[in-house]
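This report describes a protein chain as a whole and then turns to one of its residues.

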2 protein chains.
Amino acid sequence: MTKIVELRTGILEKNDLLAQGLRQQFAQANVRVSNWVSSPGTGKTALLEALLTVAVSRGVRAAALVGDCATDNDAKRLARSGAPVRQIVTESMCHLESDMIGEHLTGWDLAEVDVLVIENVGNLVCPTAYDLGEDTRVALLSVTEGEDKPAKYPQLFHSADVVVITKTDIANAVEWDRSRAIDAIRSVNPSAPIIETSAKNGTGIDALIDLLSTPSAAGTHPPQLQEAP
Amino acid sequence: MTKIVELRTGILEKNDLLAQGLRQQFAQANVRVSNWVSSPGTGKTALLEALLTVAVSRGVRAAALVGDCATDNDAKRLARSGAPVRQIVTESMCHLESDMIGEHLTGWDLAEVDVLVIENVGNLVCPTAYDLGEDTRVALLSVTEGEDKPAKYPQLFHSADVVVITKTDIANAVEWDRSRAIDAIRSVNPSAPIIETSAKNGTGIDALIDLLSTPSAAGTHPPQLQEAP
């Protein structure tokens, strides 16, 4: 096991070094970068499509990198917003790493981007360990998932700078217990802003754009939780 | 990269050897074993609680092993069914492996179990590579997730012996496109039974118990898809 742990530590260290380089590159170009992490089916792509569409209409120059194991379905959906979008197909890899971000930025002029959104592979566990050079880590949770997800996947929700609740338009239909969910988030993350959204009726979209595009509003994410509490 | 690939191959080979041993152990004790894999929030635990409760009432001796990164919330919920349940806390690990199954069987008399359900960690990617000695791999998809999930995560749905659709009671509220989902499943898995269920109103529970407890109904899962189609 020692050999595996050492190798894993090496991969993470290499990733972190590349992520530092990306962070400098983003800061120099004045691009605000967010890394969106959630379970598959939380509605990241639907929310992101709504967000990019509103951002473009407000004159915010937004762009997206979208990770998926297979298919470019998500990139096609997002391109409808008019924003530049690129797909990263990870095949059997369950998370994005910094080198994939670096490769897929080739040829893009970052000076022409205000806000870059990175949609990670749908997975609540593995992406948490990989810094992508983002300013803001966004953890998403839909009203159709269990309200105790933050307690069951504490690493992600603890390391999040912003927690986004999605699909609030169907909260009643699925008997969403809002206060129980907020308690679960607060048990692992006492201070991150919580934004309640609906891609369908537009709730929270403007607030989220404001947060992701304002340098002072978001922080760099806190040290990761090493052990489950 | 070669070193990493070799090490990963070694881990998988060791897991597969242990899984073969488990499979023999299960066959000798005449236990039918299923490995449930889905995204977090698909409703595995709610369905499993309903299934265990009905199984117990029908005289089927069912038991469950439940994987989670943190908390024993799920084991507590499942124990209400009256069936024996054990929690496997994986901490930061995103999938179950055979050695964890072996350890958590200690002290259980398999001769007293007809059906063992293993609830994997909520993750559509990583569990796919790890055989746990099961007869039946169950891939679950809820009506609140995108209908194209099977195409986006082909490895899991291709390797599934049974595909279970969950939360059908709210299909209309979330505008579930059933035929599009079935097409997506069939594009990566032409033949696995598809069972539509609701933990809330009991739809499909008896059919699922029949399938999981009948040796002839389920197969051993087909070779895994190595590359995304």
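How many helices and strands are there in chain A? Chain A has 8 helices and 7 strands, taken as DSSP runs numbered from the N terminus (helices: H or I, at least four residues; strands: E, at least two). Its radius of gyration is close to the globule-rule value for 229 residues, so chain A is as compact as a globular protein of that length. That radius is taken over C-alpha atoms, and the globule rule is 2.2 Å times the number of residues to the power 0.38.

This is a predicted model, in which local features need pLDDT of at least 70, side-chain atom pairs count only at pLDDT 80 or more, and totals for chains, interfaces and linings use all residues. Residues are numbered from 1 along each chain as written, chains are lettered from A and ligands numbered from 1 in the order written, and side-chain values use heavy atoms, without hydrogens and water.

| Property of chain A | Value |
|---|---|
| Radius of gyration | 17 Å |
| C-alpha box along the principal axes | roughly 45 × 45 × 35 Å |
| Buried residues | 56% of 229 residues |

Buried means under 20% relative accessible area (1.4 Å probe, protein chains only).

A:Asn123 lies in the loop between strand S4 (115–119) and strand S5 (136–142). A:Asn123 counts as buried because its relative accessibility is 0%. A polar atom of its side chain lies 2.8 Å from the backbone nitrogen of A:Val125. Leaving aside residues up to four places away in sequence, A:Asn123 touches A:Val37, A:Ser38, A:Ser39, A:Pro40, A:Cys94, B:Asn123 and B:Cys126 (contact: heavy atoms within 4.5 Å).

Definitions and conventions
Buried means under 20% relative accessible area, exposed over 50%, partly exposed in between (1.4 Å probe, protein chains only). A polar contact is a pair of N or O atoms within 3.5 Å; within protein, one must be able to donate a hydrogen and the other to accept it, and residues adjacent in sequence count only if both atoms are side-chain atoms.
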